[in-house]
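Okay, thanks for coming, everyone.

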Amino acid sequence: MAQVKRLLPHDTTTAQRWDAFVLACPQATFFHRAGWQTIVTDVFKHDSYFLYVEDANGQIEGVLPLGHIHSWLFGNSLTSLPFTVYGGVAASNEQAAAALEQEAQKIAENLGVDHLELRHVDNRHPDWPTQELYVTFRKEILPTEEANMLAIPRKQRAMVRKGIKNELRSEIDPKVDRFFALFADNVHRHGTPALPKKYFQALMQVFGPDCEVLTVVSPSGKPLSSVLSFYFRDEVLPYYAGDDEAARDLAANDFKYWELMRRACARGLKVFDYGRSKKDTGPYAFKKNWGFEPTQLHYAYRLYKRDSIPQNNPSNAKFKLLISTWRRMPIGLANWLGPFIVRNLA
C-alpha cells in the first residue's frame, strides 16, 4: 500500500504541490486546500493531520485534511474537516484513497477519539454509520445576466427587483469589519455564538483574492447585508452571511445573493454553490425558493467510544436552554465568550 506522508505546518513547498493537486482533482473542494491547516492550527489552536500520498515519481495522488478537536462539552473527534462543509478523501485512484483512510483510522485510534468523521459529498462508505441531516445546493450560472435573472422563480425574482427599486447597491470590502458586525448581530439574534473576528481576518489573509466580502448598503450608505464567499476553480461559494434587522423589509438579503451571482456571471464563473443547510429549515426553504435543488451530503463516521452519531447542532433539544439564554445575553459579552465555545463546535 502507498506510503502516507503528513504536510507539516509552514512547509510552503509541499503546500504548493498539495494545492496544485487539489485544483486538478475532480473530487477536491475549496475545503481541501492546504491553507485550512493554518486556520485549524493557528486560529483555533487544534492539532491537524494533513495527510497525502505520492506515487513512485513523487507526484501527489491523494490528500486527506484532518483536524483533532478535544472538548469537554462536545467530545473528542477527528474530522475532515472542522469548520467546513465538504471533506473526506480527494484522490486520483482508489489505492491512494484507501491508504489515506486507513492512516486516518490509525491516527484516530492512537488519539483515543470518540469518533472519526469524514464529510463526503458522495456516499463513499455505506457500511459506516452515516448522518444525512445536511444537503447542499448547487446550480449552474448561466452565460448572461438576464438569463440568470429570469431563472430565479417569480416570487423570489420580485424580491430581487424590490432591492433594485430600493436603490440598494453592493460593495466589495477590503476588510471584514462591516461583515463581522452584521454576522455577529445576526447569529446572536438566533441564539448561537459567533466565530471570532480574527477567524474571518485569517480567511482573507490566507486565501487572498479567493476569499471576498460583499456588503449591500442603503442609498445613504448604511450596511444592511453582507456575505463572505470563497472562489474555487469556476465556482463561487457564499459561506457566511449576516443581515441587519432592516434587511428583510428592504429585500437586502435577496439583493445580496443576486449581486453575488451577477458579479460571478460577469467573471465567467459557472457554478453557484449556495452551501449546506439542514433539511426542513428556513435556509433550506430559502434556497429552494431560489430554484436550487438539494443534493444529499453523506457524513460518514467510525465510532470508537460512542454508540451513536453526535448531534452537535442547534436542532438538538439539549441545546434549547443554551440558545434561549444566549439570545438574552448582551452582544458584547456574547462576542467575547462565543469564540471559547464555537472553537470546539465544528
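So, Leu142 sits in the loop between strand S8 (134-140) and helix H4 (145-151); helices (H or I, at least four residues) and strands (E, at least two) are DSSP runs, numbered from the N terminus. This is a predicted model, where local features need pLDDT of at least 70, side-chain atom pairs count only at pLDDT 80 or more, and totals for chains, interfaces and linings use all residues. Residues are numbered from 1 along each chain as its sequence is written, and side-chain values use heavy atoms, with hydrogens and water left out.

Leaving aside neighbours within four places in sequence, Leu142 touches Ala147, Asn148, Ala151 and Cys265, contact being heavy atoms within 4.5 Å.

Now helix H1, residues 12-24. Its buried residues are Thr14, Ala15, Trp18, Phe21 and Val22. They're on the same side of H1, because they cover an arc of only 120° around the axis, taking directions from the helix axis to the C-beta atoms. On the other side, Thr12, Thr13, Gln16, Leu23 and Ala24 are exposed. And what covers the buried ones? The cover includes strands S1 (4-7), S2 (47-54), S3 (60-71), S5 (90-91) and S11 (223-232).

Last stop: Trp36, Thr38, Ile39 and Val43 in H2 meet Lys198, Tyr199, Ala202, Leu203, Val206 and Phe207 in H7.

Terms used: Buried < 20%, exposed > 50% of the residue type's maximum accessible area, 1.4 Å probe, protein only.
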